[in-house]
Every structure is written in structure tokens, then in C-alpha cells.
Amino acid sequence: MELNRDGSYPGLNRFVDICHSQQYDEDLDVLIGVSGLKGVGKSTFSIQITKRYFEKYVEPGKYFGKEQLKRYTAYTIDDVFEKLDVLPDYSPLDADEAVNFAMGEEWMRRNRKSLKKIFAKVRTKHHIFFFNIPDIWWLDKKYRENMMSFWIHIVKKGFAILSLPNVAPGIEDRWYRKWLQDTFNKRIINYFTPLEDQLKYLQKYPCLFDKFSIPILDQPLYDEHLKLREEKMLEQEKDEEDHMKKLIAYLCWKWVNDNNGGTVSPEQFVNTVLWNKWKNKPQISNNTMREWIVDAENLIQFNSSLWKK
């Protein structure tokens with residue numbers, strides 16, 4: 001373990017210096033994938049690195065508190081774009097809930113342009129950008145294999161390994177996933193597997209570069225992190241609900257106007273377009289449709305008087 005008796009964490013601090021060197025000496029961005037099971041400390045790690053980087057290189061001597069946590073952490077894709085626009089060059093940015101906007105082929109097909117914009121801004125502004133996600137293989141292969149600088153895996157709460165990709169030309173599996181599969185397919189690893197037993201195999205991993213301990217966060221800072229995350233998640237849910245309301249309200253207005261010059265009632269839209277044949281009833285009620293149209297009326301140009309009172 002990397003913990004010294006004086007309470008310092010040399011491995012963690014060394015990684016901060018590596019990130020800074022890659023930004024300034026190599027003129028590169030730093031994209032860091034952080035993986036691990038739920039509750040093992042992915043957020044704790046990212047905040048600790050952001051905190052140390054801020055206190056050493058952004059504003060030396062200034063304490064990283066609640067204000068800085070809010071400034072350098074993003075919980076939604078809108079939050080990411082906002083922070084990328086306002087943060088100075090060479091800033092750290094922790095995408096704490098990357099699983100919500102950066103995983104899998106299905107998401108990528110719908111949001112490819114958005115993710116490209118994120119990586120373009122990270123590159124041109126030389127940011128340190130964290131992806132916190134349970135399984136690194138959920139990330140789209142193109143971004144994982146060709147753009148991710150470092151992979152941090154939280155092996156056990158309080159302990160992580162740092163891996164680097166094989167950047168030789170022609171390599172398709174830069175993170176040696178097949179080695180991991182061959183090694184662990186016949187060995188069961190669970191929550192109760194001792195750290196030493198896991199490291200016995202992981203220390204042979206071809207991409208392994210370093211390993212270190214992770215200190216716990218100060219409780220007030222961690223509590224603020226949980227508060228901010230909950231607020232952003234609720235805000236995102238509300239935005240998604242509003243988008244759905246606007247879309248369905250607009251489709252209703254369009255459908256009514258496209259059918260016989262508007263003589264077809266919106267009730268027929270609900271009972272036709274939104275009919276669930278398995279449940280043998282509409283997806284939403286006429287009253288709900290009325291409420292959604294009223295909510296959306298100020299944002300979409302359509303006439304809610306189409307509803308028959």
C-alpha cells in the first residue's frame with residue numbers, strides 16, 4: 001500500500017504530476033476512465049485528484065472546498081458543455097455520472113455529435129477530463145481505444161490501479177481486455193475477495209503502471225457532492241419530462257391539423273396514435289394530454305383551443 005505513516009499519498013500525488021506533465025510538457029489533453037463497482041469510491045478518487053491538482057497547479061495554497069467542487073464537477077451532459085465553455089484552459093473536469101451520457105453504441109448513435117464536441121473541447125483546451133463509469137467496456141470502443149489516456153480501476157474501496165494503453169501502431173485491443181478475460185474467467189472475484197488476492201493477478205496485467213491508496217474525503221465535502229449530484233439528477237429528469245411533453249403536444253397539434261384541416265379532435269389522437277394495444281387503452285389520458293399541451297403552449301407555436309371543452 002502507498003500510504004505513508006505521515007498520512008501522505010505519494011502514488012496519488014505522483015499521478016497528479018503525471019497529468020500535469022502530459023498537459024504542459026506533451027501539449028496533450030488528459031482523458032481518464034475511472035471504473036469500479038457501485039460504492040467503491042469512483043467519485044472519491046476523481047474528487048481527490050481534482051482537489052490535489054487544483055491546490056497544486058490551479059490556485060496553489062488555496063483550499064478546494066464546496067465552491068470549487070461545484071465549479072469543477074459535472075453531473076449531466078448539459079453540465080459538461082457549460083463547464084467546458086467557462087472553465088479556463090488546463091482545468092480539471094470531473095464527469096461524475098458519465099454513465100448517463102457516454103456509454104454504449106445506442107447512446108452513441110443518437111448523440112455522436114455531442115460526444116465529438118466534448119472531446120474536441122477537451123483537446124483544444126487541454127483539460128483533465130474524468131469519466132466515472134462502472135465498467136470501462138461500456139464506453140464506445142473508438143473513444144476507449146483511441147482517446148483514453150489513463151484507466152483507473154478501483155479494485156477495492158480505498159485502493160486503485162493505474163493502467164496505460166499499448167500505443168503501438170496496429171493494436172486493436174490497447175487495454176488487453178482478452179488478457180483480463182483469460183485471467184479472470186476461471187477465477188471468481190467478489191466483494192469479499194481480499195485485496196491481496198486480486199493484486200496477485202492484477203500485478204501481472206500488461207498495462208499496469210502504478211497502484212495506490214485513496215484517502216476518504218472530508219465529510220462536509222462529500223456531503224456537498226451528494227447534494228449536488230441529487231439536484232442535477234432531479235433537474236435532468238425534469239428537463240427530459242418537459243422535452244417529452246413538448247414533443248407529444250406538438251405531434252398532437254400536427255396530427256390534428258394534418259387530418260381534415262383540423263376537424264379531427266385531439267381525443268382521437270390520444271385514442272389512435274397513443275393507443276397501447278397490449279393494455280387495450282391509451283398511453284396517457286385525455287386530461288393528461290390537456291395538461292401537457294398547456295405546459296408546452298408557451299414554448300411551441302400551436303393552438304391549444306383545438307381541445308374540445
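F15 counts as buried, because its relative accessibility is 1%; buried here means under 20% relative accessible area, exposed means over 50%, and partly exposed lies in between, with a 1.4 Å probe and protein chains only. The model we are looking at is predicted, so local features need pLDDT of at least 70 and side-chain atom pairs count only at pLDDT 80 or more, while totals for chains, interfaces and linings use all residues. Residues are numbered from 1 along each chain as its sequence is written, and side-chain values use heavy atoms, with hydrogens and water left out.

F15 has an aromatic partner, F45, and their ring centres are 6.2 Å apart with the planes at 35°, so the pair is tilted. For this label, rings of Phe, Tyr and Trp (its six-membered ring) pair if their centres lie within 6.5 Å; planes under 30 degrees apart count as stacked, over 60 as edge-to-face and the rest as tilted. The pair connects distant parts of the chain, since F15 sits in helix 1 and F45 in helix 2, 30 residues apart. Helices (H or I, at least four residues) and strands (E, at least two) are DSSP runs, numbered from the N terminus. F45 is buried as well, with a relative accessible area of 0%.

The axes of helix 1 (residues 10–24) and helix 2 (residues 42–58) come within 10 Å and cross at roughly 65°. Such axes are lines fitted to C-alpha atoms, for helices over the stretch in contact, and angles run from 0 to 180 degrees between N-to-C directions. The crossing of helix 1 past helix 2 is right-handed; a crossing is right-handed if the near helix is turned clockwise from the far one by less than a right angle, and left-handed if anticlockwise. On the helix 1 side, the contact (heavy atoms within 4.5 Å) is made by L12, N13, F15, V16, D17, H20, Q23 and Y24, and helix 2 supplies F45, Q48, I49, R52, Y53, K56 and Y57. Eight of these residues are nonpolar, four polar and three charged. In this count Ala, Val, Leu, Ile, Met, Phe, Trp, Tyr, Cys and Pro are nonpolar, Asp, Glu, Lys and Arg are charged, and the others, Gly among them, are polar.

Y53 and Y57 lie four residues apart in helix 2, about one turn of the helix. Their pair is tilted, with 5.4 Å from centre to centre and 50° between the planes. Y53 is buried at a relative accessible area of 2%, whereas Y57 is partly exposed at 28%. In total, the structure holds 14 aromatic pairs, and ring pairs also link W137, W151, W175, W179 and Y205 into a cluster.

Seven strands form an open sheet with mixed pairing, in the order 2-3-4-1-5-6-7, where two strands pair if DSSP finds at least two bridges between them. Strand 2 (73–74) and strand 7 (208–213) are the edges, each pairing on one side only. Strand 7 runs antiparallel to strand 6 (residues 159–163), and five bridges join the two. Within this pairing, A160 has F212 of strand 7 as its bridge partner. Helix 2 packs on the sheet, touching strand 1 (30–35), strand 3 (92–95), strand 4 (128–132), strand 5 (150–156) and strand 7, and its direction makes about 170° with that of strand 4. Helix 8 (residues 195–202) lies across strand 5, strand 6 and strand 7, at about 145° to strand 5.

Back in helix 1, we find Q22, which is buried with a relative accessible area of 17%. Leaving aside neighbours within four places in sequence, Q22 is in contact with D27, L28, D29, V30, S149 and F150. D27 belongs to the loop between helix 1 and strand 1 and, although not a glycine, has a positive phi of about 60°. D27 is partly exposed, with a relative accessible area of 41%. Y176, in the loop between strand 6 and helix 7 (177–184), also has a positive phi, near 50°, in a residue other than glycine.

Finally, the whole chain. There are eleven helices and nine strands, and 45% of the 309 residues count as buried. Among contacts between residues at least 6 apart in sequence, 67% join residues at least 24 apart.
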